[in-house]
Structures are given as structure tokens and as C-alpha cells.
Amino acid sequence: MAERSAADPTLRLLWGGFWLGFALSGFFDGILLHQVLQWHHLLSGVAPSDTPEDLRFQILADGLFHVSHYLFALLGLWLIWTRRAAFAVPGVERRFTGWALIGFGSWHVLDAVLSHWLLQIHRIRMDSVYPLFWDLAWLIPFGLAVLALGIHLLRSPPSGPGGTGRRAAVTLALAVLVAGPLAALPPEPDPDGRTLVLFRPGISFAEVVAAADAVEGRLIWTDASEAVWIMALGPEASALSLYRHGALLVSRGPVSVGCLSWTSA
């Protein structure tokens, strides 16, 4: 695309698709691996999560990671908005989707090469004795396969005019804008209802008790700082309500396989 003339009315639109796909890929990786599966944090290979202070550092790094991808998303949306009229060009919707997929796959390739293998700031599974297997198992379907699909769309014969490109742009935009807030959703607690909760600094014991009461739970364990707690939630309780009572992170902690499982009751 770099060889295309600057006068091409679709050039900035296609770059917008690339950056939107790039941003969506980072949200997909961060939300699924950092928050839901909890296989690693952005800097798990740099600093362990053995204390509440280390855990807060990891959460901050993950948050800054998502902020950076909001900037990529805004760049993509701005490029798409300023060249939205180019969607009238026959076949552009296919090329737009192709470049969005290339952006998505490129992020995973860049993450694998730079973050996993060169800098080694994290691996896909930090607790695995075969980290390369998990790196490749993630890279192939979400990086190389998506990248190949995007290239295939670019090389395929162009389609006629239509609204596919507009629908693709709207879908990608909504997915990116919704993905960030979804990172705050806590995973389901274990069958016994045990859940690890990290509270904001300076929270009082009375406020922790109030949070436990809000989820019909009981306090099981805390660390010396009384910022990290293990609670047993009531059977009908929603862990989401803990965020309204000062929680910074709600996790399956002591019963998960993820990198938050750094302690036990």
C-alpha cells in the first residue's frame, strides 16, 4: 500500500482499517489473556506478582497497555471518518476488511517476536514448562492465519459496490470501543465461591466488611496490608458489585491457574 499514489482516495481509509484491526487485536489479547484466562500480565517476565505492590504494578502496566491501544483505535477511527466517502469506490470494502485483518494479525506477530522471544517480558503461558508451544499455539491461529486471510482478500478479485465496507467499519469500531470496559469484568468464582479481591489503597476494614456484605460473602484470608482478600461469595451474588465498594481487581486468585495465583488461603 505504501507504493500507492498519495492521490488515491482510499489510501487513508485502508490505513484506518489497519490501525483499527491492530487496536482490536491488542484488546483481544489483553482482555482474554490478562483478565479472563489470567495466563500472564504484560510484564510478568519482568516482575513477579508476589506482593500486593507487585500486583498493582502489573495491573497498572496492563492498564497503560490498553490505553495505548485506545490511541491506535482513535487513529484508525479518525482516518476512516475523514475518508468515509471512499467507501463508494467499488471493491474498497473487501480491501478495507483485508487491511483490518492484516492489522489484527500483524499485532500478534509483533507481540510474539518482540515481547515473547526478543524482550521476553511475558510468554503466553507463564506457568508452562513448554512456553514455546503455547506461543506458537496462539500465534498461528490469531496471527499468521488472520494475516494470511487478510492478504487473500487483497489478492481476490474486487467485488462490486455495496455496504459491506460500512458494516465492517461500524462492527470494528464498536468492538474496539466496547472491548476496553469488558476488561473490568471479573471471571466466575470457583465452585466454592472463593474469589480474590484487590482493594484500592487506604480502604478501611469496615469498608471491606461492607463490600463482603454486599455480595453476601464472608472473609477468608487477607495479607499483611489488608488490601488483598479472599472472599467466599454468596451463591446468588454478583462479583461486579465489589467494584462499587473499592475493588480494583476481582479474580479467581487462589483457585485459578493464572498468574494471579500467587498465594493460597
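This is a predicted model: local features need pLDDT of at least 70, side-chain atom pairs count only at pLDDT 80 or more; totals for chains, interfaces and linings use all residues.
Residues are numbered from 1 along each chain as its sequence is written, and side-chain values use heavy atoms, with hydrogens and water left out.

**View 1. Helix H1 crosses helix H3.** Helix H1 covers residues 11-36, and its axis comes within 7 Å of the H3 axis, crossing at roughly 40°. Helices here are DSSP runs (H or I, at least four residues), numbered from the N terminus. Axes are lines fitted to C-alpha atoms over the stretch in contact, and angles run from 0 to 180 degrees between N-to-C directions. Oblique is what remains once angles under 35 degrees (roughly parallel), over 145 (roughly antiparallel) and 65 to 115 (roughly perpendicular) are set aside. Sort the contact residues by class and you get 14 nonpolar, eight polar and three charged. Nonpolar takes in Ala, Val, Leu, Ile, Met, Phe, Trp, Tyr, Cys and Pro; charged means Asp, Glu, Lys and Arg; the others, Gly among them, are polar.

**View 2. Helix H3 packs against helix H4.** H3 (residues 92-118) and H4 (residues 131-155) have axes 7 Å apart, at an angle of about 155°. That makes the two roughly antiparallel. Their contact has 19 nonpolar, eight polar and three charged residues, and H3 passes H4 in a left-handed crossing.

**View 3. Arg123 and Asp135 form a salt bridge.** A salt bridge is a side-chain nitrogen of Lys or Arg within 4 Å of a carboxyl oxygen of Asp or Glu; the structure holds three. In this one, the closest N and O atoms are 2.6 Å apart. Arg123 sits in the loop between H3 and H4, and Asp135 is in helix H4, twelve residues apart. Both Arg123 and Asp135 are buried (under 20% relative accessible area with a 1.4 Å probe, protein chains only; exposed is over 50%, partly exposed in between).

**View 4. Asp127 pairs with Arg125 in a salt bridge.** Here the closest N and O atoms are 3.0 Å apart. Asp127 is partly exposed at 42% relative accessible area, whereas Arg125 is buried at 13%.

Definitions and conventions: A crossing is left-handed if the near helix is turned anticlockwise from the far one by less than a right angle, and right-handed if clockwise.
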